[in-house]
Amino acid sequence: MSDLAAILAARIASDGPISLADYMAECLLHPRHGYYATRDPFGAAGDFTTAPEISQIFGEMLALCLAQCWQDQGAPDPFILAEAGPGRGTLMADILRTLRAVPGMRAAAKVHLVEASASLRAVQARTLGDGGVTWHDRVETLPEGPLYLVANEFLDALPIRQFTRHRDGWAETRVGLAGGHFTPGLGPPRPEPALDHRLADTLPGEIVEICPALPAIAGAIGARVARSGGVALIVDYGGWRSRGDTFQAVAGHRPADPFASPGAADLTAHVDFEALAQAFAAAGARPSGMTAQGVFLERLGITLRARALAERLNGEARAAHVAAHRRLTHPGEMGRVFQALACTPHMAPPPPGLDPA
Ligand code: SAH
């Protein structure tokens, strides 16, 4: 048994089966043995690839969206340029490079990164240089000021709780030990006030998930945007309103059993964009509509940019570039399973590329 498995087994032996949220939090974020603490999961040698690791054009389009919002809101100087869950720092590097083309914007940006993993902070410092970058454990400690924030595949790493509908209550998925293996099971059905509204649109046997940390994190971001101006642009796996079991593990670019070896696989769940929009709105910011990643990137001009880059490439590099563009935008690849949603202050023009709410 790995160190993390032994820690989890001891906890289950003393307290009984734990929620999926507790299991996920320990597996991903345990300071010594958690998934993000022990490895650099990105790229061909890692476990998964994200949009910014596929092509620089993803970050370029997000930078265009931020730049339009910045100009629309009077080009504040200085402003906070923040990223939550920056991975290798690739997206922020692409954004910073692109912002140099916007007069005054790069110089006005104070870069702040929200990152829980010490080892990924080191990777980010290598990518970005650590001069001028400030790291935070949580979004709540970002400094005051106009906030221009991006988060790609950050919210899908937040722990979720999962419930199965019964006639008039909900049974929570809990992780126990059976025959030395971590095994999910269902607790006794009981009322769950947070899910009262879902009794109307689900049937017994259906599964719904909630992300307990989402309202506070999105609320803190939305409140700052509402108070000080800016935009928060969220891109992630997910859809409008949680439905079904979306808890999944990936290791070595393949689906894995999330319970087989804790801490050795990436664990995620789909983001509920309805809950995200509600948290932004409750904090006083104005959410956009949820927009498919492919549609969002097309509206920002990704195809024009991809063509311009392709003209400078030949042979294999050109083929790889064309494939990357397709992967980011095509509805059968990342174009539709990934969605984008932003929030801005009520008085500001809406961000480009996104549907209205
Ligand atoms: N945005 C990057 C990486 C996505 S992976 C990309 O698109 O490539 C998720 C990132 O969020 C990692 O950097 C991980 O360490 C970080 N992370 C996960 N949970 C976190 C939390 N609760 N607080 C802060 N950072 C977290």
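Is Phe338 buried or exposed in terms of relative accessibility? At 4% relative accessibility, Phe338 counts as buried (buried, under 20% relative accessible area; exposed, over 50%; partly exposed, in between; 1.4 Å probe, protein chains only). The model is predicted; local features need pLDDT of at least 70, side-chain atom pairs count only at pLDDT 80 or more, and totals for chains, interfaces and linings use all residues. Residues are numbered from 1 along each chain as its sequence is written, and side-chain values use heavy atoms, with hydrogens and water left out.

Eight aromatic pairs were found in the whole structure (Phe, Tyr and Trp rings, the six-membered one for Trp, with centres within 6.5 Å; planes under 30 degrees apart are stacked, over 60 edge-to-face, the rest tilted). The ring centres of Phe42 and Phe48 lie 5.2 Å apart with planes at 75°, so this pair is edge-to-face. Phe42 is buried at 8%, and Phe48 is buried at 10%. Tyr237 and Phe338 form a tilted pair, with centres 4.4 Å apart and planes at 35°. Tyr237 sits in strand β10 and Phe338 in strand β17, so the pair ties together parts 101 residues apart in sequence (strands are DSSP E runs of at least two residues, helices H or I runs of at least four, numbered from the N terminus). Tyr237 is partly exposed, at 24% relative accessibility. One aromatic cluster comprises Tyr23, Phe182, Phe247 and Phe259.
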